[in-house]
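Hello,

Here is the structure you asked to look at. My notes on it follow below.

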Amino acid sequence: MSKHLDKLILHVDVDAFFASVEQLLIPALRNRPVIVGSGCIASCSYEARAFGLHAGMSLREARRFCPSAVVLDGQYPIYRCFAEHVWQVCRRYTRGLETYLDEACGDATGMEGIHGDPLTLGRKLQREVREQVGLPVSVGLASNRMMAKFASGWAKPGGVAWIRPGQEEGFLAPLPIEKLPGVGGKTAQRLRDLNVKTIGDLRPLPRDLLGCMFGRRGELLYERCRGGVEDGESGLALRAQRPSHSDDRAPRKPAAGDAGAPKTISRETTFHQPQCDPAKIRAMLAYLTERAMRTLRQKALLARTVRLSIRYDDRKEDSAERSLDHPTAADDEIFAAVSNLLDQLYRRRVALRHVGILLSRFSPAAAQAALFEPPQGTFRPGLYEAIDTIRDRWGHAAVVKGQSIDLLGELKQNDYGFVLRTPSLTR
Amino acid sequence: MNIEQIGEPIRVLAVFSGGCIKPLRFNWAGRTYTVSRVNARWTDRGGGGYCLHYSVQVGEETYYIHFSSAEVQWRLDQVIVS
């Protein structure tokens, strides 16, 4: 009789995803250094990593390190199909799978009765993905999402790891402080000034002190460095709950077992060429807004805040956000805010390389109306419902509206919509 | 490595067995190509139907072909020569 386990969260990460797909499709690439990307590395094979290459490195630098590497532009619609196939397999081992491009997280609690102990479960999943899809995955298991992701990262490449309950602190202690979710460059520097170099070094600091230094985030760091954190506070909500592109095709009602409303929904992309034409930049932002808002309506949510992020060709970044007077599900209202933010942010005479929008501060679409009903603005529920229905049936590209029309002729289309250079790649 | 985009209709001989389709040979531009191995397959939705995509090996060359249920037609998408 199987021993009952506490919560068991499973994290799956496809190893060197884009490069692995290319090596699967083209046998001549196997066991060779392969880079997928344009301008910089989006993904590289482990053979390329042996030369010191990594995601984010410029191609110019990569070619210096590894002149023999094969460089491919990338075929993102194909990668999406393979990702979906991997998630299909994963759904046989978990409930409420949340996916993001090349990784997914789900609840495997109770599955040991079907698949065996956690390590056996992980190996079975790994084997099934390899047999059915042909891709290598790393699997991490733990009692919460953050630790499961640490486990899969530790197991890479092609491994399975289970961090048992009670082992979290010992696992985390020697890791550099930058590895803890919520610790970015500035926070790490402040902590290093206090001689906190590892996650273990952070543990003796009292909760009150961290709260004074970093506010609510400091209290979360207090919990995270101990490994015992509720999944809503894991720091992975931003990525793990951000829906993958394929979620655009999800049925309007949430599927059974879904983990609940996300905290953010975003869409971002890199331009094929650096872009300084305001009309084309707005057209792309209009398209990204449509994609994000369609997902928002699928989840029966309204959004109140939108953040615009831009990256210039010289790699400088900037962002700003705006909150609306009332939550909305209307593309036009959010895009008006995005457009104003663009006017506010884009002041330098340097072309843009990358743009993205992020929606947040959600409320249920069926929430009780305020006593004094805010103006409906441009939200026409019947119109958006009709458009979403057409797109659910025929694909997003079936309807092109608003300023997105300016992308026609500029970008290729498939049923998912415009073929972007880097759809929803967020690191 | 040379990647050539083709996008032309082809005639394919395939076996339907065990719930999947396996291309065996195809005819393109008057020449017959025998598939030595199916490297990978994937499915995509296209034009109201679905597309079954295959990466197949013919000797040292790799061919991407697909079957469109909407068009009921096979097409050669790419040829990759290393």
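The expected span of a helix is 1.5 Å times one less than its number of residues. Helices here (H or I, at least four residues) and strands (E, at least two) are DSSP runs, numbered from the N terminus. With 15 residues, helix α15 (residues 331-345) of chain A reaches 21 Å from its first C-alpha to its last, close to the 21 Å expected at 1.5 Å a residue.

This is a predicted model, in which local features need pLDDT of at least 70 and side-chain atom pairs count only at pLDDT 80 or more, while totals for chains, interfaces and linings use all residues. Residues are numbered from 1 along each chain as its sequence is written, and chains are lettered from A and ligands numbered from 1 in the order in which they are written.

**Buried residues**

A residue is buried if 20 or more other C-beta atoms lie within 10 Å of its own, exposed if 12 or fewer, and partly exposed in between, with C-beta atoms placed from the backbone. In α15(A), the buried residues include I334(A), F335(A) and L341(A). The buried residues of this helix pack against α14 (278-298), β10 (301-312), β11 (317-328) and β12 (352-364) of chain A; contact requires the C-beta atoms of two residues, placed from the backbone, to lie within 7 Å.

Helix α7 (residues 145-155) of chain A is mostly covered, with nine of its 11 residues buried. Among them are M146(A), F150(A) and A155(A).

Y222(A) lies in helix α12 (residues 216-224) of chain A. Y222(A) counts as buried because it has 20 C-beta neighbours inside 10 Å. Leaving out residues up to four places away in sequence, Y222(A) touches R207(A) and L210(A).

**A pair of helices**

The axes of helix α4 (residues 76-90) and helix α6 (residues 118-132), both of chain A, come within 10 Å and cross at roughly 140 degrees. In this contact, V86(A), V89(A) and C90(A) of α4(A) meet L125(A), E128(A), V129(A) and Q132(A) of α6(A). These residues divide into five nonpolar, one polar and one charged. Ala, Val, Leu, Ile, Met, Phe, Trp, Tyr, Cys and Pro count as nonpolar, Asp, Glu, Lys and Arg as charged, and the others, Gly among them, as polar.

**Between the chains**

The contact takes 15 residues from chain A and 15 residues from chain B. On the side of chain B that touches chain A, β4(B) gives the most, with seven residues. That side divides into four nonpolar, nine polar and two charged residues.

Regards

Terms used
Axes are lines fitted to C-alpha atoms, for helices over the stretch in contact, and angles run from 0 to 180 degrees between N-to-C directions.
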